[in-house]
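Dear colleague,

I am handing over the structure below, and my notes on what was found in it follow directly after.

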Amino acid sequence: MTFERFTVKARKVVVTAQEEARLLKHDHIGTEHLLLALLEVPDHTAANVLHRLGYDKEAARADVVAVVEPGTQALNGHIPFAPSAKRALDLALREAQRLRHTDIGTEHILLALAGEGAGAGAEVLAKRFGSVDRVRAAVLSALEGPQEAVTGPWSAATPAVEDAVSTAGALAGAAPVGSHHLLEAMVRAEDSMAARVLRELGVDPDAVIAKIDELDPETTTDAGPEEAAARKMEIRLVEDEVRLILRDPATVSTVKKIAELAGGGPVRGVGPVAGMFVPVWRSADELLRRLRSALEPEPGGADGSPASDTDRAVRAALGSRLRR
């Protein structure tokens, strides 16, 4: 098919899908690669919707590898589209027409992946969210308002608001942005009107941040199952072993069942199981690198330029918590 009606971001997703297939050493571009590409290309409607659902590219990559094993031979040259991916791209056009949209954007590709049904992309989404209907509902909800409501909360905002929203998103990480992230971002924005009002009222920013850490969002409307599980995690160094501890009841119950089926012994990353462990190692390695970066002296930007206000705020937030 031709891509004249695709937006710049949507075209970038299609191109990136080929690279995702190449990274996984697959000889075709499937709906799973389109899904990975939607999360790899930043700042567009579909990625924002998936992030708001608590989904990021590392989780998606692990989900894809669990459904479709990586290949064994590196590929060069053009990689063709699988029939399921072709159907999905055709469906994207229909989704745009149904919504009476002139252009085909990333949101229409995501709707098509959820609606295509037969591809690995839909299978991955269904396993992650219980039903692809949840993804469709999230996209359609985001599209009910003006486009800026998805790519940015306001069509025009002051620098203080833009910094606060950016910082809140960075503080949330892969989790959905909560009101506590917004509150912390506001009190950290020292030159903002909101921070000034709080200071004039005698509110101590450090006290606010400490109280955020003290309270558990589990009983609030900011509660999320993934963040609740993450709050129970811990990393320990015991001699030359790094131990990643998970304490949430669902994971403990699953591991008990695995241990029972495996005869009570430890499950090691050997043989066919090694491939299942690879995405876990990748995620753990990235987490450790980010934690190290938060504790090391501020290096500035990758090009030698000073770090942004958002970067500094996040480093300060992580660093102070990790040193407690």
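In this predicted model, T31, E32 and L35 of helix α2 meet A120, G121, V124 and L125 of helix α7, where contact means heavy atoms within 4.5 Å and helices are DSSP runs (H or I, at least four residues) numbered from the N terminus. The residues of this contact divide into 4 nonpolar, 2 polar and 1 charged, with Ala, Val, Leu, Ile, Met, Phe, Trp, Tyr, Cys and Pro counted as nonpolar, Asp, Glu, Lys and Arg as charged, and the others, Gly among them, as polar. The axes of α2 (residues 31-40) and α7 (residues 120-129) come within 6 Å and cross at roughly 60°, the axes being lines fitted to C-alpha atoms over the stretch in contact, with angles from 0 to 180 degrees between N-to-C directions. The two helices α2 and α7 are therefore oblique to each other, a class left over once angles under 35 degrees (roughly parallel), over 145 (roughly antiparallel) and 65 to 115 (roughly perpendicular) are set aside.

The largest cavity has a volume of about 40 Å³, and its lining residues (an atom within 4 Å of a point) include V187, R199 and D204. The largest share of that lining, 3 residues, comes from α12.

Residues are numbered from 1 along each chain as its sequence is written. Local features need pLDDT of at least 70 and side-chain atom pairs count only at pLDDT 80 or more, while totals for chains, interfaces and linings use all residues, and side-chain values use heavy atoms, leaving out hydrogens and water.

Best regards

Methods: 1 Å grid on protein atoms, 1.4 Å probe; cavity = no way out; pocket = protein on both sides within 12 Å on 5 of 7 lines; lining within 4 Å. Points joined across faces, edges and corners; volume = space filled by probe spheres on them.
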